[in-house]
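Dear colleague,

Please find below the structure that I am handing over to you. My notes on what was found in it follow directly after.

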Amino acid sequence: RGWASVAECRRRLVERLALPADAVIAVGVDRFDYTTGIIERLNAVERLLEKQPQWVGRFVFVQVAAPTRSSLEEYRTFQDRVQRLGERINGRFGRDGYVPVHLLAQHHEHDALTELFRAADICIVTSLHDGMNLVSKEFVATRDDEQGVLILSRFAGAARELTEALIVNPYHVEECADALQQALTMPAAEQRERMASLRETVRESNVYRWAGRMLLDAARLRQRQRIEARVLRHSAG
């Protein structure tokens, strides 16, 4: 795979964004779309810094948000809301040498996202309604050091599989802020235990397993249709 070490990924990110040397880094990776829960996530970050002032100066949230459908007024308005909320949080809690929210509103290639996931202490996925959400699985797959904490919305399809994540209701600001605090203070041994289990789940639930399940479901459906057709023929006769 040729990944840079976790320490090197972190060094590059700290240098690129001019983060404090002792920064604790949370990341989110989404499209600019209201269904991804970016606003709810930023509200939780703001509430964490209100409730736990000891993190002001250290906790940093990096949000990658690829612009999408920017020609539509609704999405432009949403992007503006996110921007303004980030600026408000930075205005409240930022200081010389410390910006709590970094909004990277551009498309990132896969290698850049891998580096970000490996540099982070926490990955936050707060989808309001979603299919599988592969970001959560990508984060887990990159963490061969078995460190880092995944905070995952109960509304993401992956929440049914990734039960060792901290599962939250993204609409509940206090719950999400408390999950951030739990992630920030989680001992390395517990992180390792949870991440090892998450990685095993991701390894098992691969594309071959998924394809196998789809084929099995299709076979069951065909069998049911054949039985129903026989029953219909029998009752017609």
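I begin with a cysteine. Cys9 is buried, with a relative accessible area of 3%; here buried means under 20% relative accessible area, exposed over 50%, and partly exposed in between, computed with a 1.4 Å probe on protein chains only. Please note that this is a predicted model, in which local features need pLDDT of at least 70 and side-chain atom pairs count only at pLDDT 80 or more, while totals for chains, interfaces and linings use all residues. Residues are numbered from 1 along each chain as its sequence is written, and side-chain values use heavy atoms, with hydrogens and water left out.

Cysteines

The structure holds 0 disulfides, a disulfide being a pair of cysteine sulfur atoms within 2.5 Å. Cys176 counts as buried, at 5% relative accessibility.

Helices (H or I, at least four residues) and strands (E, at least two) are DSSP runs, numbered from the N terminus. In helix H1 (residues 6–16), the buried residues are Cys9, Leu13 and Val14. Seen down the axis of H1, these residues fall within an arc of 130 degrees, so they line one face of the helix; the arc is that of the directions from the helix axis to the C-beta atoms. As background, an α-helix has 3.6 residues a turn, so residues three or four places apart point the same way. The face of H1 turned away from its buried side carries the exposed residues Ala7 and Glu15. Strand E1 and helix H4 (110–119) are among the elements that cover the buried residues of H1, where contact means heavy atoms within 4.5 Å.

Ala18 is placed in the loop between H1 and E1. Its phi is near 55 degrees, a positive value in a residue other than glycine, and Ala18 counts as exposed at 58% relative accessibility. Glu146 also has a phi near 55 degrees, positive in a residue other than glycine. Glu146 is found in the loop between helix H5 (134–142) and strand E5 (149–153) and is partly exposed, with a relative accessible area of 27%.

Helix H2 (residues 38–51) has 14 residues and reaches 20 Å from its first C-alpha to its last, close to the 20 Å expected at 1.5 Å a residue; the expected span is 1.5 Å times one less than the number of residues. Of the 14 residues of H2, 10 are buried, so the helix is largely enclosed by the rest of the structure. These buried residues are Ile38, Ile39, Glu40, Arg41, Leu42, Ala44, Val45, Glu46, Leu48 and Leu49. Their cover includes strands E1 (24–31), E2 (59–66), E3 (101–104) and E4 (122–125), together with helices H3 (73–93) and H6 (173–184).

The largest nonpolar core has 68 residues, and those with the most contacts inside it are Leu49, Phe59, Leu150, Ile151, Leu152 and Leu180. H2 supplies the largest share of this core, 7 residues. A nonpolar core is a set of buried Ala, Val, Leu, Ile, Met, Phe, Trp, Tyr and Cys residues joined through side-chain atoms within 4.5 Å. Not counting residues up to four places away in sequence, Leu150 touches Cys123, Val125, Ser136, Phe139, Val140, Leu162, Ala165, Leu166 and Leu198.

Aromatic pairs

The structure holds 3 aromatic pairs. Rings of Phe, Tyr and Trp (its six-membered ring) pair if their centres lie within 6.5 Å; planes under 30 degrees apart count as stacked, over 60 as edge-to-face and the rest as tilted. The rings of Phe32 and Phe78 have centres 6.4 Å apart and planes at 80 degrees, so this pair is edge-to-face. The pair links distant parts of the chain, with Phe32 in the loop between E1 and H2 and Phe78 in helix H3, 46 residues apart. Phe32 counts as buried at 1% relative accessibility, and Phe78 at 6%. Phe117 and Phe139 form an edge-to-face pair as well, at 6.0 Å centre to centre and 70 degrees between the planes.

With kind regards
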